[in-house]
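Thanks for making time this morning.

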Amino acid sequence: MAAEMLQFHEMGLDDRLLKAVADLGWSQPTLIQEKAIPLALEGKDILARARTGSGKTAAYAIPVIQRILASKQCVREQDVRALVLVPTKELGQQVQIMMRQLTSYCSRDVRVADISGKADVSTQRPILMEKPDVVVGTPSRVLAHLNAQNLVLHSCLEMMVVDEADLLFSFGFEADLKNLLCHLPKIYQSFLMSATFSEEVQALKELLLHNPVILKLQGSQLPDSSQLQQYTIKCEEEDKFLLIYTLLKLQLVRGKTLMFVGAMDRSYRLKLFLEQFGIPACVLNSELPIQSRCHIITQFNQGFYDIIIATDEQSLASSQTTSGKKKKKSKEKGGKAKDKEYGVSRGVDFQSVSNVINFDFPTNVESYIHRVGRTARADNPGTALSFISHTEMDLLSQVEEALSGDSADPVLKPYEFKMDEIEGFRYRCRDAMRAVTKQAVREARLKEIKQELLNSEKLKTYFEDNPRDLQLLRHDKDLHPAVIKPHLKNIPDYLIPETLKGVVNPLSSKRRRRMKFKPGGVVQSSFKKNVRGKNPLKSFRYTGRKDKTGKADPS
Ligand code: AMP
């Protein structure tokens with residue numbers, strides 16, 4: 001720890017806030033918190049570029065809460081004092097959770113309401129009538145309430161936060177945001193948090209901020225290679241399935257894993273493919289009801305699932321608009337209406353994600369950064385592995401260029417894997433892929449939506465009264481429209497490449513699970529001789545010893 005680093009207790013914060021911070025187990029502020037909190041407490045407007053996962057939510061939430069606590073000492077009247085604008089419902093929920101955690105010792109004095117998630121504007125009216133101190137919402141939802149006069153801000157608002165400002169634009173909230181500003185008072189303190197400083201963010205800065213302090217904390221928008229290892233491997237469509245099967249079945253990918261695909265149908269295709277081999281995974285996309293989406297994320301964070309297959313739809317939409325093509329209507333062929341305010345790769349705090357796998361490469365640099373930013377959050381390590389087809393090499397160069405800056409070393413390293421060594425698995429993969437027909441994918445998608453609509457109804461009502469049962473509701477169950485061949489679940493020993501036999505033993509996976517053998521990370525195959533020692537992830541050798549935290553001891 002640097003000697004001069006400012007600590008939370010040196011920032012003049014209310015004791016109740018300090019206690020909440022201690023309960024969260026935060027021993028010291030992150031860089032952005034250290035810089036932004038004191039400036040915000042001085043009343044400065046702030047424009048901060050902080051990479052995702054840097055602790056930026058608390059960087060604005062702490063001063064917002066502190067200022068509300070302070071003003072409550074003199075003014076007793078209850079009013080909405082702070083507005084937090086977010087681009088997605090998921091992020092709205094997450095901000096609310098963080099704020100509630102931070103106000104756990106002063107929840108009577110500082111009330112927080114998230115209005116981004118619920119479907120109906122009129123049902124939210126009573127919440128706003130109580131004038132919560134902090135309102136969190138998407139611009140369109142906030143504007144709807146302002147227009148309906150459920151929310152009045154022009155006389156009372158003291159602080160306004162725009163979180164993930166760059167995304168508000170790519171999500172098409174620009175007009176709502178501008179209209180919303182007419183309802184605000186002339187003077188209030190503003191915070192603008194953004195992963196990138198795009199032209200639009202600069203324009204918003206002019207509109208919102210007065211003489212702001214600009215914090216550009218990280219040169220790079222992702223952690224460096226000591227924390228985040230980024231790999232790429234060239235492979236075409238069939239090989240992608242072959243490789244993912246091998247990585248998961250042979251446990252070369254370990255720990256919680258977020259896989260991104262480029263379209264909704266592909267997420268079901270991949271889920272059904274993995275189902276054939278007894279590998280459970282949750283699908284997460286904008287078609288699912290918001291309650292189910294939030295429940296999936298919560299359960300993933302609690303360790304219920306190892307694999308989420310997510311569709312990064314907004315990046316597709318934004319890349320289509322930026323490339324000048326007509327924006328795709330929010331209905332996919334044969335599909336249901338998608339949710340405009342869905343965003344999985346953006347801002348959502350998936351916790352302890354060991355690996356991000358780009359099964360389909362993202363369509364632009366920004367999307368790569370947001371996806372990969374889901375791992376290696378706070379000071380946790382993480383690995384990103386991207387499958388690249390030959391048509392995507394240009395995109396790869398763009399990402400490489402954006403990330404490497406002045407450094408001559410490539411940030412994305414080739415993943416050492418000899419595909420020809422796993423040829424023996426190809427037949428099984430083809431077998432599985434044959435079962436995953438278009439019809440099976442369509443059925444799975446419909447079945448899942450139906451199932452999740454039911455779940456979502458239950459989530460709304462039943463579970464409020466029976467919170468314990470909430471844990472029993474799972475979202476990674478087999479969908480079963482494709483014929484399952486039981487023999488595919490196991491891998492006969494003779495199929496495992498000789499070079500991998502020392503690294504994996506899939507037949508003993510049950511025993512491993514009992515041993516909680518989950519160090520996390522993507523192991524590079526040991527096809528190369530003496531790979532140990534080059535990469536901390538591949539240098540892992542299981543010895544059966546465990547440290548005090550229960551983790552296996554890498555030695
Ligand atoms: P954010 O960038 O706000 O999405 O935060 C990313 C993660 O960092 C969240 O899981 C926070 O709980 C965590 N976090 C925020 N501040 C700290 C801190 N001072 N120390 C440790 N973890 C933190």
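Among contacts in the protein chain between residues at least 6 apart in sequence, 76% join residues at least 24 apart. Please keep in mind, as we go on, that this is a predicted model. The protein chain has 555 residues, of which 56% count as buried, and its secondary structure comprises 19 helices and 16 strands. As for the surface, the protein chain exposes about 25000 Å², and 51% of that comes from carbon and sulfur atoms.

Let me turn to the ligand. There are 15 residues around the ligand, and those that come nearest are Gln33, Gly55, Thr57, Asp349 and Arg377. Sorted by class, the shell holds seven polar, five nonpolar and three charged residues. Both domain 1, which spans 8-216, and domain 2, which is made up of 228-315 + 338-494, contribute at least three residues each to the shell around the ligand.

With Thr57, by contrast, the side chain is involved, with one of its polar atoms 2.5 Å from an oxygen atom of the ligand. The ligand taken alone exposes 500 Å², and the protein buries 86% of that area.

Methods: Residues numbered from 1 in each chain as written. Predicted model: local features only at pLDDT ≥ 70, side-chain atom pairs only at ≥ 80, totals over all residues. Heavy atoms only, no water. Near = heavy atom within 4 Å. Polar contact = N/O pair within 3.5 Å; in protein donor to acceptor, adjacent residues only side chain to side chain. Areas by Shrake-Rupley, 256 points an atom, 1.4 Å probe, with all protein chains shown as cover. Nonpolar A, V, L, I, M, F, W, Y, C, P; charged D, E, K, R; others polar. Domains from an automatic or database assignment. Helix = DSSP H or I, 4+ residues; strand = E, 2+ residues; numbered from the N terminus. Buried < 20%, exposed > 50% of the residue type's maximum accessible area, 1.4 Å probe, protein only. Contact = heavy atoms within 4.5 Å.
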